[in-house]
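Visitor: I'd like a walk through this one, a question at a time. Could you show me what we're looking at?

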Amino acid sequence: MADETRSGLDAVEEGPAASEDAESAASGAGTLAPEHPSVKALRARFGEAIHSHEVGCRGQHVVFVDAARSREILEWLRDDPDHHYQFLSDLTAVDYGGGRPLHVVYQLFSMTHHRSLRVKCVLPVTALEIDSVEPLWKTADWLEREVYDLFGIRFNGHPDLRRILMPENYAEGHPLRKDFPLRGRFSRAEQTRRALSQEVADFYIPEEMEIGRDPQVLGHEQDGDALPSGENA
Amino acid sequence: MGLTDKKLPGGGTSARSGGLFGAGGPTFLTTKLDFIVNWSRRNSLWPMPFGTACCAIEMMASAASNFDLARFGMERMSFSPRQADVLICAGRVPYKLAPVLRRIWDQMPQPKWSISMGACASSGGVFDNYSMVQGIDTIIPVDVYIPGCPPRPEALIYGLMMIQEKIKQESLAQHFDNRAEDPLSVGRPRSDDAEVEALTGPFGNSTRQNRVSGLVQTDRISRPEDRLP
């Protein structure tokens, strides 16, 4: 732990690590941090599906894996007792712009082994699809909705993939993509008109609307039934 | 004096003894209806706090003991629009929140006033982007704009005192003309399209000089498809 802290400070003193340049980052890996045990195990088990490995800022290990097998790899990382990454800290995406592929980022943490690992999948802009990890970590539900909302990446197998931050009737695309103009695609007048034409029902799925309307969902009806019987007794 | 000293036949004291100006004073006063109505309105303004960002912190400070809005008749923050007189929109309003703001304004009973507090509520501020309303005056009518980022509590109190000055100028004779609302305007933007474009156009110091507008070539990120039509 002390070694990790010291190496992290060294990385800061060296200035911004050239994380884009995999070679220079990897050359610093020998002094920054030891080989990551999970990466070694991943290479042994999945072979070709593990594309590359680099050490970024503060000794953060990043492993690039095959997007088509990401679900299988992440499930193994979660369940294998030697690794046991039971906590998905964050799930996000990065657009580097200029038609370059988007990266989907899984930030994993193992509370059992006190170890973290960043898994990245590379998706070409022409095929922004990847398997959902919502069945593995429930927290991925909203995180994947956010990535879908802001980057337009579709998560196959997600139970309820719809916008979460932008309005439901938003039709201008996915705002965090680099090809998205800062002020949006529509005129301000059109945006204002669309904003005020939103209906409350647009924000919620029917089940969520029912919670506000139907006392049965909240269990009030059972209370109502219990009262008369109590009076009789 | 002699009149008030006279005991009533029932033995009780005179009903007129406790007049407005003490014993012996008149029990009525003459004034203008406009004055008395405006006086009571402007000294019992209850604000509806619509706080969405750091301006709301300053609004809370204004209501707290140091600045104490209650001195000016803003006796309490009214968290229900039905009992509120003045809407204080403190903070940035994204388009997703615009229908909420409009609905709260529609729910407030007349007479009502509104304050746009801070740069973001008044003009979008530094958030000249795809998600932000560029000034709430495109959504609801605004009486007083308070500049600042965020404005100090003194500025908010000054804004509320300007509302009081405005109320002082009103007359009941024009009340219904001033305060009439078109039922069809409920839930709709205050401005028509041309006015929205005029109000939300980029200011000289914001998007005209950034790389997205394309007016100034800064670096390779400036791309033609990002330019405004």
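Visitor: How many disulfides turn up over all chains?

Guide: Bear in mind that this is a predicted model. A disulfide needs two cysteine sulfur atoms within 2.5 Å. Searching the whole structure over all chains, the count is zero.

Visitor: Take B:Cys89: which cysteine holds the closest sulfur, and how far away is it?

Guide: B:Cys89 is a buried residue, as its relative accessible area is 0%. The gap to the closest cysteine sulfur is too far for a bond. That sulfur belongs to B:Cys55, at 8.8 Å.

Visitor: And A:Cys57, is it buried, exposed or partly exposed?

Guide: Buried would mean under 20% relative accessible area, and exposed over 50%. A:Cys57 has 46%, so the label is partly exposed.

Visitor: On to the cores. Which residues touch the most other members of the largest nonpolar core?

Guide: That core has 42 residues. Among the chain A elements that give it two or more residues are helix H4 (37-46), helix H5 (70-79), strand S3 (87-95) and strand S4 (102-110). The residues touching the most other members are A:Leu77, A:Leu91, A:Tyr106 and A:Ile153.

Visitor: Which element gives the largest share of this core?

Guide: Helix H6 (140-151) of chain A is also on the list of elements giving two or more residues. The largest share is six residues, and they come from H6(A).

Visitor: How many residues are in the second, separate core?

Guide: Its members include B:Met77, B:Trp113, B:Ile115 and B:Val144. The size of this second core is 21 residues.

Visitor: Now the rings. Is the pair of A:Phe46 and A:Trp76 stacked or edge-to-face?

Guide: A:Phe46 sits in helix H4 and A:Trp76 in helix H5 of chain A, 30 residues apart. Both are buried, A:Phe46 at 7% relative accessibility and A:Trp76 at 15%. The ring centres are 5.7 Å apart and the planes lie at 80 degrees, so the pair is edge-to-face.

Visitor: Which aromatic pair crosses between chains?

Guide: One partner is in the loop between strand S7 (154-156) and helix H7 (188-196) of chain A, the other in the loop between helix H5 (118-123) and strand S4 (144-146) of chain B. The centres are 5.4 Å apart with 80 degrees between the planes, an edge-to-face arrangement. The chain A residue is buried at 7%, and the chain B residue is buried at 16%. The pair is A:Phe180 and B:Tyr130.

Visitor: Which residue lies over the face of B:Trp105, and at what distance from the ring centre?

Guide: There's a case in chain A too, with A:Arg45 over the face of A:Phe46 at 5.6 Å from the ring centre. For B:Trp105, the residue is B:Lys112, at 4.6 Å.

Visitor: What phi does A:His114 take?

Guide: Most residues other than glycine have a negative phi. A:His114 is in the loop between S4 and S5 of chain A, and it is exposed at 52%. Its phi is positive, about 50 degrees.

Visitor: Last one: how many bridges join S3(A) to S4(A)?

Guide: These strands run antiparallel, with A:Ala93 opposite A:Val104. Their hairpin has six residues between the strands, and A:Gly97 there takes a positive phi near 80 degrees. The number of bridges is eight.

Conventions
Residues are numbered from 1 along each chain as its sequence is written. Chains are lettered from A and ligands numbered from 1 in the order in which they are written. This is a predicted model: local features need pLDDT of at least 70, side-chain atom pairs count only at pLDDT 80 or more; totals for chains, interfaces and linings use all residues. Side-chain values use heavy atoms; hydrogens and water are left out. A nonpolar core is a set of buried Ala, Val, Leu, Ile, Met, Phe, Trp, Tyr and Cys residues joined through side-chain atoms within 4.5 Å. Buried means under 20% relative accessible area, exposed over 50%, partly exposed in between (1.4 Å probe, protein chains only). Helices (H or I, at least four residues) and strands (E, at least two) are DSSP runs, numbered from the N terminus. Rings of Phe, Tyr and Trp (its six-membered ring) pair if their centres lie within 6.5 Å; planes under 30 degrees apart count as stacked, over 60 as edge-to-face and the rest as tilted. A charge sits over a ring if NZ of Lys or CZ of Arg is within 6 Å of the ring centre and within 35 degrees of the ring normal. Two strands pair if DSSP finds at least two bridges between them.
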